[in-house]
Amino acid sequence: MSSISLQSLSKQYNQEKRTLDNISLSIKDKEFLVLLGPSGCGKSTLLRMIAGIEDISEGQVFIGDTCVNEVEPKDREVAMVFQNYALYPHMTVFENMAYGLKIKKVKRAEREKRIQAAAEILQIGHLLKRSPSQLSGGQKQRVAIGRAIVKEPKVFLMDEPLSNLDAKLRNEMRIEIKKLHERLDSTFIYVTHDQVEAVTLGDRIAIMADGRFRQIGTPLEIIECPADMYVASFIGSPPINYLDAALVNHGGEVYADIDGWLVESDLQAAVAEYHPFVIAGIRPEHCFVTDDESEGLEMEVVFTEIIGTEVLLHMTYKSLSFIVKESFNGTYAKGQRLRIGVQPNKVHLFDRRTEKNVRSFP
């Protein structure tokens with residue numbers, strides 16, 4: 001079993017502030033979990049604590065049924081892939097991949113078998129005799145992953161492994177890592193600040209801030225029902241728009257009133273009574289340009305950003321910035337005034353005081 005249980009984990013370097021504060025999480029066997037958050041939120045520290053290369057201030061880490069707090073990193077049956085490839089420059093690719101196995105005194109025939117198998121999976125068999133200086137960034141990352149595969153660990157830990165690659169290679173390697181997880185059928189924990197990587201790769205995403213989890217769920221759960229404004233802002237590109245609103249009850253139906261524009265919601269009447277003043281979160285992809293004078297709000301185009309077959313309309317509404325994502329038709333110009341509507345039941349509503357999603361009523 002390669003399930004992982006984190007029980008009330010904390011990490012404190014000094015008396016001022018905890019880097020990690022009472023973290024608890026269960027990771028299922030063979031799950032791909034992504035730890036997502038900005039720099040300094042504690043995600044890499046948490047990964048290193050699981051690996052055993054960072055001391056635990058409080059709490060316990062279980063791999064399977066075994067508490068590994070006092071177990072040496074080499075005995076935890078985990079393998080770690082870092083942002084820095086950390087390849088030995090004086091060794092060939094084969095020797096780099098074999099080094100950890102030699103330290104563990106794995107027999108030569110078994111070492112060669114594992115390396116050939118990993119090389120086939122990663123399509124680097126033709127690189128085994130080369131030195132790291134002869135490899136591209138993508139090839140070096142494959143070697144670093146191969147070095148982890150040959151250890152045959154229960155758990156793969158990946159810390160920002162694609163950060164040093166260009167955009168094209170990152171896209172390619174994301175696909176390869178997803179295929180690798182499916183092929184190896186192992187547990188993966190992946191650290192990133194890139195929400196595209198998180199949504200693409202993760203079975204579940206744990207969003208972190210200030211040493212705590214803000215929301216844990218599937219990519220769809222987090223996108224469709226963010227726990228609070230922090231999560232809503234962190235997930236989604238281009239970022240979510242925010243406008244002040246009030247919840248009103250009309251004949252038993254709850255609407256978000258945004259300056260007289262009534263936007264449909266599927267909330268219960270009791271929610272409107274408990275949260276009368278809210279902030280409406282509207283994603284750019286849920287907006288549209290309309291000619292209906294009774295629909296939406298009138299906004300002014302500041303500039304346009306063409307992305308393939310789509311255009312981002314950067315607009316202002318009462319000095320507030322607002323982004324609309326539309327199919328490109330080449331007709332929008334700076335200073336143009338457009339009426340913007342939103343798809344039914346696609347507005348996220350957050351309590352103005354707590355910034356939490358009102359769906360967590362009360």
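Mentor: About 180 Å³ of space lies in the second largest pocket, the volume being the space filled by probe spheres set on grid points that are joined across faces, edges and corners. The model is predicted, so to speak of local features a pLDDT of at least 70 is needed, and side-chain atom pairs count only at pLDDT 80 or more, while totals for chains, interfaces and linings use all residues. Residues are numbered from 1 along each chain as its sequence is written, and side-chain values use heavy atoms, with hydrogens and water left out.

The lining consists of Ile223, Glu224, Asp266, Arg283, Glu285, His286, Asn345, Lys346, Val347, His348 and Arg359. Two or more of these residues come from each of α7 (219-224) and β20 (347-351); helices (H or I, at least four residues) and strands (E, at least two) are DSSP runs, numbered from the N terminus. A pocket here is an open set of points on a 1 Å grid over the protein atoms alone where a 1.4 Å probe fits, with protein on both sides within 12 Å along at least five of seven lines, and a lining residue has an atom within 4 Å of a point. By class, the lining divides into 2 nonpolar, 3 polar and 6 charged residues, where Ala, Val, Leu, Ile, Met, Phe, Trp, Tyr, Cys and Pro count as nonpolar, Asp, Glu, Lys and Arg as charged, and the others, Gly among them, as polar.

In the loop between α7 and α8 (229-234) lies Cys225, which is partly exposed at a relative accessible area of 32% (buried is under 20%, exposed over 50%, partly exposed in between, with a 1.4 Å probe and protein chains only). The C-alpha atoms of Cys225 and Glu305 are separated by 28 Å, the two residues being 80 apart along the chain.

For comparison, the largest pocket has a volume of about 680 Å³, and of its 23 lining residues Lys74, Val78, Met80, Gly100 and Lys151 lie nearest its centre. Two or more lining residues are given by each of β6 (78-81), α2 (93-103) and α4 (137-149), with α2 supplying the largest share, 4 residues. The classes in the lining of the largest pocket are 14 nonpolar, 2 polar and 7 charged.
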